[in-house]
Amino acid sequence: MLKIPVKEGENIDRALKRYKRKFVKTTVKNQLNERKQFTKPSVERRAQVKKAQYIQSLRDAEEV
């Protein structure tokens, strides 16, 4: 659960802005989207491998 202490005399819009920023940073949104639909473990592994290959290709291009 996210808690945002609202300071005395603080504008509610500013507090909402801080809440939204904190919400995005804590990746709660990503977790909620992942729970909406089941993904098979093999598909998750495939995505991880694909991401690792992409990052490695970027690093290889950087070295050259």
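**View 1. Arginine 18, a partly exposed residue.** Arginine 18 has a relative accessible area of 23%, so this residue counts as partly exposed. The class runs between the buried limit of 20% and the exposed limit of 50%. The model shown is predicted. Arginine 18 is the partner of glutamate 10 in a salt bridge.

**View 2. The salt bridge between glutamate 10 and arginine 18.** Side chains of opposite charge can pair when their charged atoms come close. Here the closest N and O atoms of glutamate 10 and arginine 18 are 3.4 Å apart. That falls under the 4 Å cut-off for a salt bridge. The structure holds one salt bridge. The two side chains also make a polar contact, at 3.4 Å.

**View 3. Surroundings of glutamate 10.** Glutamate 10 lies in the segment before helix H1, which covers residues 12–25. The glutamate 10 side chain reaches the backbone nitrogen of lysine 7 at 3.0 Å. What does glutamate 10 contact, leaving aside neighbours within four places in sequence? The contacts are Pro5, Ala15 and Arg18.

View 4. Tyrosine 54 sits in helix H3, residues 41–63. Is tyrosine 54 buried or exposed? Tyrosine 54 counts as exposed because its relative accessibility is 52%. The cut-off for exposed is over 50%.

Definitions and conventions
Residues numbered from 1 in each chain as written. Predicted model: local features only at pLDDT ≥ 70, side-chain atom pairs only at ≥ 80, totals over all residues. Heavy atoms only, no water. Helix = DSSP H or I, 4+ residues; strand = E, 2+ residues; numbered from the N terminus. Buried < 20%, exposed > 50% of the residue type's maximum accessible area, 1.4 Å probe, protein only. Polar contact = N/O pair within 3.5 Å; in protein donor to acceptor, adjacent residues only side chain to side chain. Contact = heavy atoms within 4.5 Å. Salt bridge = Lys/Arg side-chain N within 4 Å of Asp/Glu carboxyl O.
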